[in-house]
Amino acid sequence: MRLATWNVNSVKARLPRLLEWLDEARPDICCLQEIKTTTALFPEAEVNELGYEVAAHGDGRWNGVALLSSVGLEDVSPGFPGEPSYAGEPDETTLLDEPGLRKPETRAVGATCGGIRVWSLYAPNGRTPESAHYAYKLEWFAALRAVLEGELRLQSQLVACGDFNVAPTDEDVWDPAVFVGSTHVTPPERQALADLRALGLRDVVPTPMKGPHPFTYWDYRAGAFPKDMGMRIDLVYASQAVADRVTGAYVDREARKGKGPSDHAPVVVDLS
DNA sequence: ATGCCTTATTTCATAAGA
């Protein structure tokens, strides 16, 4: 079985690249992040053509996640219980469940696919450590941890993957000096990842197809990709039972090349 | 060659990304 996760940075803008990649890499389960469209406007028919069922969860311009599966898609969960809402100042665009109660952003979708509980996750960015967005990011990880802890009691086959927006170690950024004082590398963010691993989740570190670091993201600007100025922020956190099945994992950096790429590359994991 | 930002929307400017 082949599992993949990819922050596509708009499923509409990336549709030709996405379809081409799915056809070539043939993952059985594919987690997508930053679809940047609504659930209703997800290009479901095009993906169905390739043999995938779709669970999309998006609300418009920002964020949005999806799960594609050719091995079944059951017990779909758009978002998770206790998922916090952004804690900053609301404005006229803020989505409300009811007056005064904000809806969570569309950052998680879970489903059971081929006997594995799978989560496609897009963690908040955090912006700056002083920002309300940063506190929200840490709250979001804490709420996620609680949900995964509960699910792991019932389901040994589980994988939480996606864009975690945290580089686990200094080895996972191209130049740690550049990130001093920035989000993605602070001790509390790294502790949030450590708290997930403490549940028994294993970081499935992929092989970089070139260079020493398995980076998954390179900024569009300043020629970051050809210079390999990247970060490893797209992660596959697998339960021990899934980790025991891993036969290989790699970053498909070919997908970051050429015309109209996402700024993230897919992470591909093969399971026995 | 891997090649110097991109996306959707409140569009001819802005906010956000990490």
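Modeller: Leaving aside neighbours within four places in sequence, Ala66 contacts Leu32, Ile35, Phe42, Val54, Ala55, Ala56, His57, Val109 and Ser120. The model is predicted.

Biologist: Which residues have the most contacts inside the largest nonpolar core?

Modeller: The general idea comes before the case. In soluble globular proteins, nonpolar side chains tend to be buried together. Here the largest nonpolar core holds 70 residues, and Leu32, Ala66 and Val159 have the most contacts inside it. One of the contacts of Ala66 is Leu32 itself.

Biologist: How many helices and strands does chain A have?

Modeller: Chain A has five helices and 17 strands. Its radius of gyration is 17 Å, close to the 19 Å of the globule rule for 272 residues, so chain A is as compact as a globular protein of that length. Along the principal axes, its C-alpha atoms fill a box of roughly 45 × 45 × 40 Å.

Biologist: What share of the residues of chain A counts as buried?

Modeller: Burial is read from the number of C-beta neighbours within 10 Å, with 20 or more making a residue buried. By that count, 42% of the 272 residues are buried. Sequence separation is another thing to read. Among contacts in chain A with a separation of 6 or more, 69% join residues 24 or more positions apart.

Biologist: How does the reach of helix H3 sit against what is expected at 1.5 Å a residue?

Modeller: The span of a helix is read from its first C-alpha to its last. H3 covers residues 132-154, 23 residues in total, and reaches 34 Å, close to the expected 33 Å.

Biologist: Which residues of H3 are buried, and what covers them?

Modeller: Tyr134, Tyr136, Lys137, Trp140, Phe141, Leu144 and Leu148 are buried. Their cover includes strand E10 (158-163) and helix H4 (187-197).

Biologist: What is the phi of Asn9, and why does Asn9 count as partly exposed?

Modeller: Asn9 is not a glycine, yet its phi is positive, at about 50 degrees. Asn9 sits in the loop between strand E1 (2-7) and helix H1 (15-25). With 18 C-beta neighbours inside 10 Å, Asn9 is partly exposed, whereas Asn165 counts as buried.

Methods. Residues are numbered from 1 along each chain as its sequence is written. Chains are lettered from A and ligands numbered from 1 in the order in which they are written. This is a predicted model: local features need pLDDT of at least 70, side-chain atom pairs count only at pLDDT 80 or more; totals for chains, interfaces and linings use all residues. Helices (H or I, at least four residues) and strands (E, at least two) are DSSP runs, numbered from the N terminus. The radius of gyration is taken over C-alpha atoms; the globule rule is 2.2 Å times the number of residues to the power 0.38. A residue is buried if 20 or more other C-beta atoms lie within 10 Å of its own, exposed if 12 or fewer, and partly exposed in between; C-beta atoms are placed from the backbone. Two residues are in contact if their C-beta atoms, placed from the backbone, lie within 7 Å. The expected span of a helix is 1.5 Å times one less than its number of residues. A nonpolar core is a set of buried Ala, Val, Leu, Ile, Met, Phe, Trp, Tyr and Cys residues joined through C-beta atoms within 7 Å.
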